[in-house]
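Thank you all for coming; I would like to walk you through one structure this morning, strand by strand, and then turn to its loops and its cores. Please have the sequence and the model open while I talk.

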Amino acid sequence: MAYTVKFYTFSKRTNSTKIPGDLADIEFSCELLDGSGLLKPTIILKPPINPQNLSYAKIAEFDRFYFVENWRFLRGLWEADLTVDVLGTYRSEIGEMTCMINRSSAAQNGRIPDPAAVSEVGVSYAVETNTNNPFASSVANGYYVVGVINSDANSVGAVSYYVMTNAEFRAFSAKLLSSTDYLGSISDISEQLTKVLFNPFSYISSCIWIPVQPPTSGNVTTIPVGWWEVSATAKKLSATIRSGGSLTISVPKHPDALTRGYWLLAEPYSQYYLDFQPFGAVTIPASALVDCDLLDFQWTVDCITGEGTLRIGANALSGGTVGYCNVLRSQVGVPVQIANSSMGLVAAGAEALESGVESLFGVKFDNPQGNVVDRLENTFMSFAKGVGAYMLSKVSPLQSLGSNGTYTAGYFPVRLTGTFSRIAAQNNDEVGRPLCEVRKISTIPGYIEIASPQFSGGRTDTERDTINRLLMNGAYYE
């Protein structure tokens, strides 16, 4: 039986649905070699024929396209070994399939990581900086919150808090230590002894340097210190006791994210480090910043304790909603060293009193002879002098209270550093990118990989199995 075979000078991928046009390069009448199969026939042709460029064929009676595997000239005849091209033969049926497409060169889902991507050695960096660090960068630009033990009406317990600038605090300290005028008239002891016995800083319960302006509730010109008042310029700390504010910083993005996919904005391809002093340096999870272009910072400082809180929020690109939140805590205020003298005045007085009384009673009972009144007077005078001398001998050296921290919190700008992995170039037309969507194959031409294809067309099981295998491993709809 004779069959009509059309030959084409046509090249294509073996995993492509591409087929030639209707116009064949040459058409012959052929016969099948005995024992030939439908899927791998061998046809016999009579000369003259030049098979040099004939690489593709179609047998009309079989309604199938074939690849030409080999030509042989035997006993004056040409023999051609053919293999069915299942993708070309069933191109129309394949195009009508609706299935889950894992990869495609025509469409992609940029949020799905690409397992075919290859990382290069090395990283790139991008740094976003906000120079408006809200905290003071020098002592002169900060404020002192001084807790004084007194009976002020606005005290918290027995302590009242006052806000002073650097110059005001220096003037206040100098006033306390320069003279004892604010103590009034003390005629019984000298000024030098008063300075030894009375340390005004004993009434300073705390002193915190705050690198931001604390809230205040009014000016004062005198500050009660214990039972006395000292002339000083300051402001009262407001009852809210907290200062706060906000700022934002842009989020740097992976340079290849727009072309290769948003999956590059997550770990391990992107990493973010925030440096916000005095809260320190922290890692921000990259996955939380995929949809965010701004980090929003809300900070507060407790002006009595100096403890600070930083709330970090990520503003989403879709509408400004917070997609990530974290809270950091740090000691923002710096405890300021103040001096205090520690002396056992009560114990010293008790010992001196005990010694004086023994002496007194000794005079009264051991020496009944003589002027008792004179002896008592002399004894009390000696006792008073002895108490003063004894107490002076019990005065211990000055000791410092508190410890100085760092005053450079605001010296450094707020910085968000992005570290990005380098990704090797990729031929999208050859391997596609992740899609993972149910699509009709004819709507996305080019390279495709299909999850569990179930081709139900075809006329033999071998053809169906071959089509399913090719679509699952990667094929081209052309």
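Let me begin with a definition: two strands are said to pair if DSSP finds at least two bridges between them, and the strands themselves (E, at least two residues), like the helices (H or I, at least four residues), are DSSP runs numbered from the N terminus. What you see is a predicted model, in which local features need pLDDT of at least 70 and side-chain atom pairs count only at pLDDT 80 or more, while totals for chains, interfaces and linings use all residues. Residues are numbered from 1 along each chain as its sequence is written, and side-chain values use heavy atoms, with hydrogens and water left out.

With that in hand, look at strand β15 (residues 270-276), which is joined to β23 by six bridges, the two running antiparallel; within this pair, S270 stands opposite F420 of β23. Both strands belong to an open sheet of four strands, in the order β8-β23-β15-β16, with antiparallel pairing. The edge strands are β8 (119-130) and β16 (280-284), each of which pairs on one side only. On average, neighbouring strands of this sheet are turned by 20° against each other, direction ignored; here axes are lines fitted to C-alpha atoms, for helices over the stretch in contact, and angles run from 0 to 180 degrees between N-to-C directions.

Staying on β23 (residues 414-423), I would point you to T419, which lies in this strand. Is T419 buried or exposed? T419 counts as buried because its relative accessibility is 14%, where buried means under 20% relative accessible area, exposed over 50%, and partly exposed in between (1.4 Å probe, protein chains only). Leaving aside neighbours within four places in sequence, T419 is in contact (heavy atoms within 4.5 Å) with V123, S124, Y125, Y269, S270, Q271 and Y273.

Now let us move to strand β3 (residues 42-45), where T42 and I44 point one way, I43 and L45 point the other way, and all are buried. In a regular strand, side chains alternate between the two faces of the sheet. β3 pairs in the antiparallel sense with strand β2 (residues 26-32) over two bridges, and with strand β6 (residues 77-84), also antiparallel, over four bridges. L32 stands opposite I43, and L45 stands opposite W78 of β6.

Of its 39 residues, V5, F7, I43, L45, W71 and I94 touch the most other members. The largest share of this core, four residues, comes from β6. Apart from it lies another core, of 36 residues, among them F135, L310, I312 and L328.

Finally, the loops. A cis peptide bond joins P47 and P48, with omega about 5°, and P48 is found in the loop between β3 and β4 (56-59). The bond from E267 to P268 is also cis, with omega near 0°, and P268 lies in the loop between α5 (257-260) and β15. R75, in the loop between β5 (64-74) and β6, has a positive phi near 50° although it is not glycine, and R75 counts as exposed because its relative accessibility is 74%.

Technical notes
A nonpolar core is a set of buried Ala, Val, Leu, Ile, Met, Phe, Trp, Tyr and Cys residues joined through side-chain atoms within 4.5 Å.
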